[in-house]
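This report is meant to be read beside the sequence and the model, with both in view. Please keep them at hand while following the residues named below.

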Amino acid sequence: EACAIAEREGIPAATLYRLLTASTGDSRVLRNRFPLPGADESHPSGHGFAPLFALDLIEKDLTLGVDLAGERAAPVAEAALSAYRRAQAAGHGSLDYSAVYLTASSE
């Protein structure tokens, strides 16, 4: 969401990346999968979302987790699974899972 807002407001990807990695928003995933090209060319977004871990695989893993939860509530996992499935439906399943941004940013 922060990436979509920054993109819409014209904030350069590298600026947002520096801000987020220097704040409580920092994480290993952010440092390896930032979804906007131009922040760090080692990220999949800088290479057409070439997969380090395919979106199809994370969807499979989340499906297993949600199935394991059974009737117990897993709202965060279910919301993430829904987003990954929308990205699959848009044809991004073979891309890196950070390509979920391609469909999430347009919502």
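**Basis of the values**

The model is predicted, and local features are reported where pLDDT is at least 70, side-chain atom pairs count only at pLDDT 80 or more, and totals for chains, interfaces and linings use all residues. Residues are numbered from 1 along each chain as its sequence is written, and side-chain values use heavy atoms, with hydrogens and water left out.

**Helix packing**

Helices here are DSSP runs of H or I with at least four residues, numbered from the N terminus. In helix H2 (residues 13-21), the buried residues are Ala13, Leu16, Tyr17, Leu20 and Thr21. They lie on the same side of H2 because the arc that they cover around the axis is only 120 degrees, the arc being that of the directions from the helix axis to the C-beta atoms. Buried means under 20% relative accessible area, exposed means over 50%, and partly exposed means in between, with a 1.4 Å probe and protein chains only. Arg18 and Leu19 are exposed on the other side of H2. An α-helix has 3.6 residues a turn, so residues three or four places apart point the same way. The cover over the buried residues of H2 includes helix H1 (2-9) and H3.

Two packed helices are described by the angle between their axes and the distance between the axes. For helix H4 (residues 55-69) and H5, the axes come within 9 Å and cross at roughly 145 degrees; such axes are lines fitted to C-alpha atoms, for helices over the stretch in contact, with angles running from 0 to 180 degrees between N-to-C directions. The crossing of H4 past H5 is left-handed, a term used if the near helix is turned anticlockwise from the far one by less than a right angle. On the H4 side the meeting residues are Leu55, Asp56, Ile58, Glu59, Leu62, Thr63 and Val66, and on the H5 side they are Ala77, Glu78, Ala80, Leu81, Tyr84, Arg85, Ala87 and Gln88. Sorted by class, this contact has nine nonpolar, two polar and four charged residues. In that sorting, Ala, Val, Leu, Ile, Met, Phe, Trp, Tyr, Cys and Pro count as nonpolar, Asp, Glu, Lys and Arg as charged, and the others, Gly among them, as polar.

**Asp96 and its surroundings**

Asp96 sits in the loop between helix H5 (75-89) and helix H6 (100-104), and it counts as buried because its relative accessibility is 0%. Its side chain makes a polar contact with the side chain of Arg33 at 2.8 Å. A polar contact is a pair of N or O atoms within 3.5 Å, where within protein one must be able to donate a hydrogen and the other to accept it, and residues adjacent in sequence count only if both atoms are side-chain atoms. Not counting residues up to four places away in sequence, Asp96 touches residues including Arg33, Pro44, Phe49, Pro51 and Phe53, contact meaning heavy atoms within 4.5 Å.

**The loop between H3 and H4**

Phe53 is found in the loop between helix H3 (28-33) and H4. Phe49 is in the loop between H3 and H4 and has a positive phi of about 65 degrees although it is not a glycine. Accessibilities of residues placed in this loop are tabulated here.

| Residue | Relative accessibility | Class |
|---|---|---|
| Pro35 | 15% | buried |
| Ser45 | 6% | buried |
| Phe49 | 8% | buried |
| Pro51 | 45% | partly exposed |
| Phe53 | 30% | partly exposed |

Pro35 and Tyr101 are 66 residues apart in sequence, yet 6.3 Å apart in space, C-alpha to C-alpha, and Tyr101 is one of the residues that Pro35 touches, along with Cys3, Ser45, Phe49 and Ser98. For Ser45, a polar atom of the side chain lies 3.4 Å from the backbone oxygen of Leu36. Pro51 and Ser94 are 43 residues apart along the chain, with their C-alpha atoms separated by 7.2 Å, and Pro51 is in contact with Ser94, Leu95 and Asp96 when neighbours within four places in sequence are left aside.

Technical notes
Helices (H or I, at least four residues) and strands (E, at least two) are DSSP runs, numbered from the N terminus.
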